[in-house]
Amino acid sequence: QVQPVESGGGLVQAGGSLRLSCAASGNSESINVMGWYRQAPGKQRELVAQINSGGSTNYADSVKGRFTISRDTAGNTVYLQMNSLKPEDAAVYFCKIEQRRGLYSYQYWGQGTQVTVSS
């Protein structure tokens, strides 16, 4: 199994930047998609950005041009660089890792890291 280990959340002023990291511990072979989701109080969890093993990325419209997702060369760590943060970006950010084993794909979630943006 894979265990996503997140780091990098915190408190930042509006307009500031944060960088989130998520490292895959455990059996990190055959990791396909790595992504970031967020959930604000009273709202559903939503996709922020994701990147597959080929480097293709997908972003939520609300973060395009401000956030950048990247992956290390080993493919085991994913980063989310968040610039020009807005109060509406405040949420718990979760890392999700999809791993392919045989015919099946498995999803693993991190415990989440809090991002707070003060206005």
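Is Arg66 buried or exposed? Arg66 is buried, because its relative accessible area is 11%, under the 20% cut-off. One thing to keep in mind throughout: this is a predicted model.

The side chains of Arg66 and Asp89 meet in a salt bridge, with 2.7 Å from N to O. This pair links distant parts of the chain: Arg66 is in the loop between strand 6 (57–59) and strand 7 (67–71), Asp89 is in the loop between strand 8 and strand 9, and the two are 23 residues apart. Asp89 counts as buried because its relative accessibility is 0%.

Asp89 also forms a salt bridge with Arg38, where the closest N and O atoms are 3.0 Å apart. Arg38 belongs to strand 4 and Asp89 to the loop between strand 8 and strand 9, so this contact ties together parts that are 51 residues apart in sequence. Like Asp89, Arg38 is buried. Glu46 comes into the picture too: salt bridges that share partners join Arg38, Glu46, Arg66 and Asp89 into one network.

## The other charged pair to look at

The model has five salt bridges in total. One of them pairs Glu98 with Lys96, with 3.3 Å between the closest N and O atoms. How accessible are these two residues? Lys96 counts as buried because its relative accessibility is 8%, and Glu98 is buried as well, with a relative accessible area of 15%.

## One disulfide

Searching the whole structure turns up one disulfide. Cys22 and Cys95 form it, and their sulfur atoms sit 2.1 Å apart. This is another link between distant parts of the chain: Cys22 is in strand 3 and Cys95 in strand 9, 73 residues apart.

Which hand does the disulfide of Cys22 and Cys95 have? The torsion about the S-S bond is about -80 degrees, so the disulfide is left-handed. If you go looking for this pair, note that both Cys22 and Cys95 are buried.

## Two serines with positive phi

Now for some backbone geometry. Ser30 has a phi near 55 degrees, a positive value in a residue other than glycine. Where does Ser30 sit? You'll find Ser30 in the loop between strand 3 (18–26) and strand 4 (31–39). Ser30 is partly exposed, because its relative accessible area of 48% falls between the 20% and 50% cut-offs.

Ser84 is another non-glycine residue with positive phi, here near 50 degrees. Its place is the loop between strand 8 (77–82) and strand 9 (91–101). With a relative accessibility of 40%, Ser84 counts as partly exposed.

## A nonpolar patch on the surface

Which residues form a nonpolar patch on the surface? The members are Leu103, Tyr104 and Tyr106, and together they have about 390 Å² of accessible area.

Tyr106 lies in strand 10, which covers residues 104–109. Its relative accessibility is 31%, so Tyr106 counts as partly exposed.

Definitions and conventions:
Residues are numbered from 1 along each chain as its sequence is written. This is a predicted model: local features need pLDDT of at least 70, side-chain atom pairs count only at pLDDT 80 or more; totals for chains, interfaces and linings use all residues. Side-chain values use heavy atoms; hydrogens and water are left out. Patches are made of residues with over 30% relative accessible area and no salt bridge: like charges are joined within 9 Å, nonpolar side chains (Val, Leu, Ile, Met, Phe, Trp, Tyr) within 5 Å. Accessible areas come from the Shrake-Rupley method with a 1.4 Å probe; for residues, only the protein chains shown count as cover. A salt bridge is a side-chain nitrogen of Lys or Arg within 4 Å of a carboxyl oxygen of Asp or Glu. Helices (H or I, at least four residues) and strands (E, at least two) are DSSP runs, numbered from the N terminus. Buried means under 20% relative accessible area, exposed over 50%, partly exposed in between (1.4 Å probe, protein chains only). A disulfide is a pair of cysteine sulfur atoms within 2.5 Å.
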